[in-house]
2 protein chains.
Amino acid sequence: MLQVLQAEFADVTISKLRFLEAEGLVTPARTASGYRKFSAADIERLRYVLTAQRDQYLPLKVIKEHLGAMDRGLRPTPGGRPAAPAAVEPAGLPVAEDFGADRTELKLTREELRVAAGISVELLEQLESHQLVVARGNHYDGDAILVAKAAAEFGRYGVEPRHLRPFRTAADREVGLIEQVAGPRRDDKTQELAALAVRLHAALVRSRLSR
Amino acid sequence: MLQVLQAEFADVTISKLRFLEAEGLVTPARTASGYRKFSAADIERLRYVLTAQRDQYLPLKVIKEHLGAMDRGLRPTPGGRPAAPAAVEPAGLPVAEDFGADRTELKLTREELRVAAGISVELLEQLESHQLVVARGNHYDGDAILVAKAAAEFGRYGVEPRHLRPFRTAADREVGLIEQVAGPRRDDKTQELAALAVRLHAALVRSRLSR
DNA sequence: TTGCGGCCTCAACCGCCGGTCGAGGGTTGA
DNA sequence: TCAACCCTCGACCGGCGGTTGAGGCCGCAA
């Protein structure tokens with residue numbers, strides 16, 4: 001069992017396997033007396049974990065997400081078996097909706113958002129009425145915090161939410177463009193285009209300002 | 001400077017930049033009195049570092065190796081995006097660091113701009129006809145390079161300059177707002193508001209995209 | 001049945017990575 | 001002159017990815 005993997009990955013230890021189990025990356029069956037019993041599938045899974053870690057430098061948290069996605073029937077690794085060249089390989093995600101688990105995956109209540117952004121109830125109301133921040137279901141994502149903070153800062157210059165509506169409109173138009181180009185699926189391409197859009201925008205604002 | 005990057009990467013701080021310099025990932029020039037002075041090339045480099053870190057989870061050590069490789073004229077660009085590796089900048093061109101000029105103070109001829117951005121004559125013509133890049137007198141500033149590069153990248157996704165007009169419009173509107181608030185003088189306040197505008201914009205695009 | 005190696009759990013600990021903080025001090029511009 | 005930056009340098013920090021060790025159960029051979 002253990003030696004099988006050790007043959008391939010020099011640095012796998014029992015303690016590491018235990019650790020990976022504790023982290024929820026594998027769940028080997030147990031014998032009646034509690035010993036771990038690794039099935040062939042478990043070994044395959046571990047192989048995936050170890051190569052992803054070694055060849056793509058992925059953090060376990062991310063690997064776990066990928067495994068989860070694969071379990072839910074989504075497509076497996078992009079390169080299939082990377083195996084040999086440790087050189088340079090795209091990160092590649094197994095799933096569409098992968099979006100960094102950070103900001104977008106955050107779910108905040110209205111009050112949490114308000115406190116996190118350090119804004120007043122009134123300001124939040126105004127932001128919502130102009131759709132600068134919008135709830136999904138009854139939660140807000142982390143980007144809403146950034147929006148709210150920026151709006152608050154604008155507020156200190158006397159700029160009110162209603163003056164910011166054009167930002168919303170512009171953003172919507174850009175999202176439209178991005179979706180038209182990248183399709184409705186959220187993937188790397190979408191991400192890249194979004195980054196690009198923001199970069200273009202920043203450069204334009206600066207260049208027009210300096211004339 | 002810092003603001004520019006902060007617009008794109010919410011979590012970049014001065015201390016982080018100092019840290020990255022200490023690790024040898026960037027080596028900004030210094031003013032006579034020792035202040036860091038980031039050239040356009042430095043910023044491009046940082047952009048690479050930050051996206052590699054965020055989107056591909058690469059450890060700094062690995063990113064540093066990649067940068068080193070790129071400096072030596074190789075391109076191990078892992079499907080990620082170095083955008084414009086130093087190699088692409090033709091030698092002899094007055095790109096920012098040569099004159100220690102700030103990007104906006106840079107003065108490029110039309111041809112210099114074209115080569116620095118690595119775009120075709122046709123594309124540049126189109127960009128001008130849609131006023132995405134505009135000459136001041138008969139020179140272009142460094143931001144024009146960034147705009148042109150972004151447009152070129154969009155081009156690779158089939159997005160043509162005319163599709164980018166709304167960006168120009170949005171930028172103009174924002175500049176209008178900024179000038180209305182900060183006055184026509186270009187000062188710190190203007191800069192701050194511009195950074196803010198770009199930040200708000202970035203957050204909005206991201207948040208609307210993730211719904 | 002005793003002994004001994006190997007597995008178990010759980011908590012404590014560890015080293016490295018990627019920064020942040022703060023003290024002490026210079027620079028800049030109003 | 002003063003506030004608001006910026007600088008350096010060293011201490012500190014939290015999280016990640018494990019390792020170690022104490023205390024205990026299992027299984028097999030002598």
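**Protein contacts and DNA surfaces in a predicted model**

Q: Which residues come nearest to DNA strand D?
A: In this predicted model, 15 residues lie around DNA strand D. Those that come nearest are drawn from both protein chains, and they are Ser15(A), Ser33(A), Pro59(A), Leu60(A) and Arg36(B).

Q: Which helix gives the most to the surface near DNA strand D?
A: At least two residues each are supplied to this surface by H2 and helix H4 (60-71) of chain A and by H2 of chain B. By class, the residues of the surface near DNA strand D divide into five nonpolar, six polar and four charged. With three residues, the helix that gives the most is H2(A).

Q: How many polar residues does the surface near DNA strand C have?
A: When the residues of this surface are divided by class, five are nonpolar and four are charged. The polar residues of the surface near DNA strand C number six.

Q: Which element of chain B gives the largest share of the side that touches chain A?
A: The contact takes 63 residues from chain B and 59 residues from chain A. On the side of chain B that touches chain A, the elements that give two or more residues are helix H1 (2-8), helix H3 (40-56), helix H7 (142-156), H8 and helix H9 (188-209). The residues of that side divide into 37 nonpolar, 10 polar and 16 charged. The largest share, 17 residues, comes from H9(B).

Q: Are H8(A) and H8(B) roughly parallel or roughly antiparallel to each other?
A: The axes of helix H8 (residues 165-182) of chain A and helix H8 (residues 165-182) of chain B come within 10 Å and cross at roughly 165°. Angles over 145 degrees count as roughly antiparallel. The two helices, H8(A) and H8(B), are therefore roughly antiparallel.

Q: Which residues make the contact between H8(A) and H8(B), and what is the handedness of the crossing?
A: The contact is made by Pro166(A), Ala170(A) and Arg173(A) of H8(A) together with Pro166(B), Ala170(B) and Arg173(B) of H8(B). By class, this contact has four nonpolar, no polar and two charged residues. The crossing of H8(A) and H8(B) is left-handed.

Conventions:
Residues numbered from 1 in each chain as written. Chains lettered and ligands numbered in written order. Predicted model: local features only at pLDDT ≥ 70, side-chain atom pairs only at ≥ 80, totals over all residues. Axes fitted to C-alpha atoms, helices over the stretch in contact; angles between N-to-C directions. Helix = DSSP H or I, 4+ residues; strand = E, 2+ residues; numbered from the N terminus. Parallel < 35°, antiparallel > 145°, perpendicular 65-115°, else oblique. Left-handed = near helix turned anticlockwise from the far one by under 90°. Contact = placed C-beta atoms within 7 Å. Nonpolar A, V, L, I, M, F, W, Y, C, P; charged D, E, K, R; others polar. Near = placed C-beta within 6 Å.
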